[in-house]
Amino acid sequence: MFDDFQSTTVEVGEASLFVRHAGSGAAVLLLHGFPQTQLMWRDVAPGLTDRFTVVCADLRGYGASSCPVSDTDHAPYAKRAMAADMVAMMGKLGFASFMVAGHDRGGRVAYRMALDHPDSVDKLTVLDIVPTADAWDRADARLALGYWPWSLLAQPEPLPEKILAAAAEAIVDNALGGWGSSPAVFPADVRQAYVDALRDPAHSHAICEEYRAAATLDRKHDHADKAAGRTIRCPVLALWSEQGALAEWYSDEGGPLALWRGWADDVRGQAMPGGHFFPEEAPAQTAQALAAFFG
């Protein structure tokens, strides 16, 4: 797993980010979602290193990255702060501009990066998400019940933190097996790594702060961009699960592709085999889609 990748920790101001990297050529940054870490790219990243310098990083508050102190408005865990982390980290690795793909929470960091740092992001891929404000503005019982972390983890502390830390195995098993993907896709050591990260009190608090920020500041930042007419300047590829909820839930709006075209002029996309965690279910197809777009 991650053979030939180098591991390092990069200091970016208030955060320390755990990073794996390998390959040569133009840089591609891969960002994970919940309840994962950079391990989610274990079978995708090696398929890209013959053409790109591939960087896989744990978001602040996740995996082996640090957990900066938060505040009452959750700003240290807004996607704006997390995006700034990644731009600084890539700069320290020698890349003033790069391409980025983000799944789930990492996709939200990735598109915020493209909005806030347009000169740094050459191409953007978002995996199985629609923009945060769009999701909240259209939220209904399906979102509340189907993707319960949105509402549960955004509750005031300490309730969600205690649930994450005390029931980490149940949380991970519910997500990995309940969002359209087969639990068999996740090797025991990878599953355990996801569980261990949630059990740590500092990380469980950081993850809840990230969800609280998504329900508040991230929405405000998206709405402010919309009001100002600010859009994503670079080409965008949207990938979503053919077995997941996005196409069904947003069918009246024309599906996820139509929603993303409200944020960028150059948007293309396709459904991918598998459930929400399709990069781990269909790594070869995911790597092929990313290579074709980034290439």
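# A guided tour of the predicted model

Begin with strands β3 (residues 27–31) and β4, which run parallel and are joined by five bridges. The structure on display is a predicted model. Within this pairing, select V28 and its bridge partner in β4, V54.

Next, select strand β2 (residues 15–23), which is joined to β4 by five bridges as well, but with the two strands running antiparallel. Here R20 has C56 of β4 as its bridge partner.

Now display β4 itself, residues 53–57. The strand is mostly covered, with five of its five residues buried. T53, V55 and A57 point one way, whereas V54 and C56 point the other way.

**The nonpolar core**

In soluble globular proteins, nonpolar side chains tend to be buried together. The largest nonpolar core of this model comprises 99 residues, and L29, M89, M113, L124 and I232 have the most contacts inside it. Select I232 and display its surroundings: leaving aside residues up to four places away in sequence, I232 touches Y111, A114, L115, L124, W260, W263, A264 and D265.

**A buried aspartate**

Move to D128, in the loop between β6 (121–127) and α3 (132–137).

**Salt bridges**

The whole structure contains 23 salt bridges. Select K79 and D218, whose side chains meet in one of them at 2.6 Å, N to O. This pair links distant parts of the chain, as K79 belongs to helix α1 and D218 to helix α10 (residues 217–228), 139 residues apart. K79 is buried, with a relative accessible area of 3%, and D218 is likewise buried, at 4%.

Then select E253 and R138, which form a salt bridge with their closest N and O atoms 2.9 Å apart. E253 is in the loop between α11 (246–249) and α12 (255–260), and R138 is in the loop between α3 and α4 (141–146), 115 residues apart. E253 is partly exposed at 31% relative accessibility, and R138 is partly exposed at 32%.

E209 is buried, with a relative accessible area of 2%, and R212 is buried at 4%.

Finally for this section, select R80, R112, D116, D222, D225 and R230 together; salt bridges link them in a network.

**Backbone details**

Select F34 and P35, where the peptide bond is cis, with omega near 0°; P35 lies in the loop between β3 and β4. Another cis peptide bond joins E157 and P158, with omega about 10°. P158 is in the loop between α5 (149–152) and α6 (159–166).

The last stops are F2 and H74. F2, in the segment before β1 (6–12), is not a glycine but has a positive phi of about 60°. H74, in the loop between β4 and α1 (79–92), is not a glycine either, and its phi is positive at about 65°. F2 is buried at 5% relative accessible area, and H74 counts as buried at 16%.

Methods. Residues are numbered from 1 along each chain as its sequence is written. This is a predicted model: local features need pLDDT of at least 70, side-chain atom pairs count only at pLDDT 80 or more; totals for chains, interfaces and linings use all residues. Side-chain values use heavy atoms; hydrogens and water are left out. Buried means under 20% relative accessible area, exposed over 50%, partly exposed in between (1.4 Å probe, protein chains only). Helices (H or I, at least four residues) and strands (E, at least two) are DSSP runs, numbered from the N terminus. Two strands pair if DSSP finds at least two bridges between them. A nonpolar core is a set of buried Ala, Val, Leu, Ile, Met, Phe, Trp, Tyr and Cys residues joined through side-chain atoms within 4.5 Å. Contact means heavy atoms within 4.5 Å. A salt bridge is a side-chain nitrogen of Lys or Arg within 4 Å of a carboxyl oxygen of Asp or Glu.
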